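Dear colleague,

I am handing over the structure we spoke about, and below it I have set out what was found. Please read the notes with the coordinates open beside them.

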Amino acid sequence: MKKQKIEIPLEVFEAVSELPIDIQELMNKAQQARENAYAPYSRFRVGAALQLSSGKIVLGNNQENAAFPSGLCAERVAVFNAGANFPNEIITALAITVRSENKKISEAIAPCGACRQSLAEYEQKQKSPIEIYFMGETGEIIKVASVMDLLPLGFDAKYL
Ligand code: THU
């Protein structure tokens, strides 16, 4: 038996103003999208903004449903939106932000496991990494350089 460790390389930014200028704009768009979330049950709003290589920005936010599992996370709404409407464009970056109506969230909130899996599919399909920047309502922003950094030991099509 041998023990191994997997490390996740992260970059931490203290404020949105520290981000590259195009990513500041992307995070601003994610914040706007967040406010259009349909989250009457959790009151936890999530906004996601994807940057495409053409410069287009594709938005998503969480869409809830009275039959709870029928709802969908912001990140998947965004990436399925891009997949449906711009199937041949490369996704270069994703910005994610959350706001709860119940409490102030100032820690960076990473995408859920199902969203990581869905995002990984598109990263593999396009054969180039998607940078992910995620934050709370305020506070620091964490960047990972690739979806795979958030999904070590993931499952993908090569095993099929
Ligand atoms: N949610 C997202 O939109 N993205 C995530 O990565 C985690 C959770 C949404 C789903 C649900 O509408 C609400 O946040 C509470 O779980």
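**Two positive phi values**

Lys127 sits in the loop that runs between helix H3 (113-126) and strand E5 (131-135). Please keep in mind throughout that this is a predicted model. The phi angle of Lys127 is near 55 degrees, which is a positive value in a residue other than glycine, and with a relative accessibility of 74% Lys127 counts as exposed. Leu153, which is found in the segment after strand E6 (141-144), also has a positive phi although it is not glycine, with a value near 60 degrees. Leu153 counts as exposed as well, at 79% relative accessibility.

**The ligand and its surroundings**

The residues that surround the ligand are Ser42, Phe44, Val46, Asn62, Glu64, Cys73, Ala74, Glu75, Pro111 and Cys112. Sorted by class, this shell holds six nonpolar residues, two polar ones and two charged ones.

Which residues bring an N or O atom to the ligand? A polar backbone atom of Ala74 is 2.9 Å from an oxygen atom of the ligand, and a backbone N or O atom of Cys112 is likewise placed 2.9 Å from a ligand oxygen. In the case of Glu75 the side chain is involved, with one of its N or O atoms 2.8 Å from a nitrogen atom of the ligand. Taken on its own, the ligand has 370 Å² of accessible area, and the protein covers 74% of that.

One of the shell residues, Asn62, has its place in the loop between E3 and H2 and is buried, at 6% relative accessibility. The C-alpha atom of Asn62 is 6.7 Å from that of Ala39, although the two residues are 23 positions apart in sequence.

**The cysteines**

How many disulfides does a search of the whole structure find? The search finds zero. The cysteine sulfur closest to that of Cys73 belongs to Cys115 and is 3.8 Å away, which is too far for a bond because a disulfide calls for sulfur atoms within 2.5 Å. Cys115 is not in a disulfide either, and its nearest cysteine sulfur, that of Cys112, is at 3.8 Å. As for accessibility, Cys73 counts as partly exposed at 24%, whereas Cys115 counts as buried at 1%.

**Aromatic pairs**

The count of aromatic pairs comes to four, and two of them are described here. The ring centres of Tyr41 and Phe68 are 5.6 Å apart and their planes stand at 45 degrees, so this pair is tilted. Tyr41 belongs to the loop between helix H1 (21-35) and E2, while Phe68 belongs to the loop between strand E3 (57-61) and H2, so the pair ties together parts that are 27 residues apart in sequence. Tyr41 counts as partly exposed, at 41% relative accessibility, whereas Phe68, at 58%, counts as exposed.

Phe155 and Tyr159 make up another tilted pair, with 5.5 Å from centre to centre and 35 degrees between the planes. Within this pair, Phe155 counts as partly exposed, with a relative accessibility of 48%.

Gln51, placed in strand E2, is buried with a relative accessible area of 15%, and its side chain makes a polar contact with the side chain of Asp22 at 2.9 Å.

Ala82 has its place in helix H2 and counts as buried, because its relative accessibility of 2% falls under the 20% limit. Between the C-alpha atoms of Ala82 and Ala108 the separation is 24 Å, the two residues being 26 apart along the chain.

Terms used:
Residues numbered from 1 in each chain as written. Predicted model: local features only at pLDDT ≥ 70, side-chain atom pairs only at ≥ 80, totals over all residues. Heavy atoms only, no water. Near = heavy atom within 4 Å. Polar contact = N/O pair within 3.5 Å; in protein donor to acceptor, adjacent residues only side chain to side chain. Areas by Shrake-Rupley, 256 points an atom, 1.4 Å probe, with all protein chains shown as cover. Nonpolar A, V, L, I, M, F, W, Y, C, P; charged D, E, K, R; others polar. Phe/Tyr/Trp six-rings, centres within 6.5 Å; stacked < 30°, edge-to-face > 60°. Helix = DSSP H or I, 4+ residues; strand = E, 2+ residues; numbered from the N terminus. Buried < 20%, exposed > 50% of the residue type's maximum accessible area, 1.4 Å probe, protein only.
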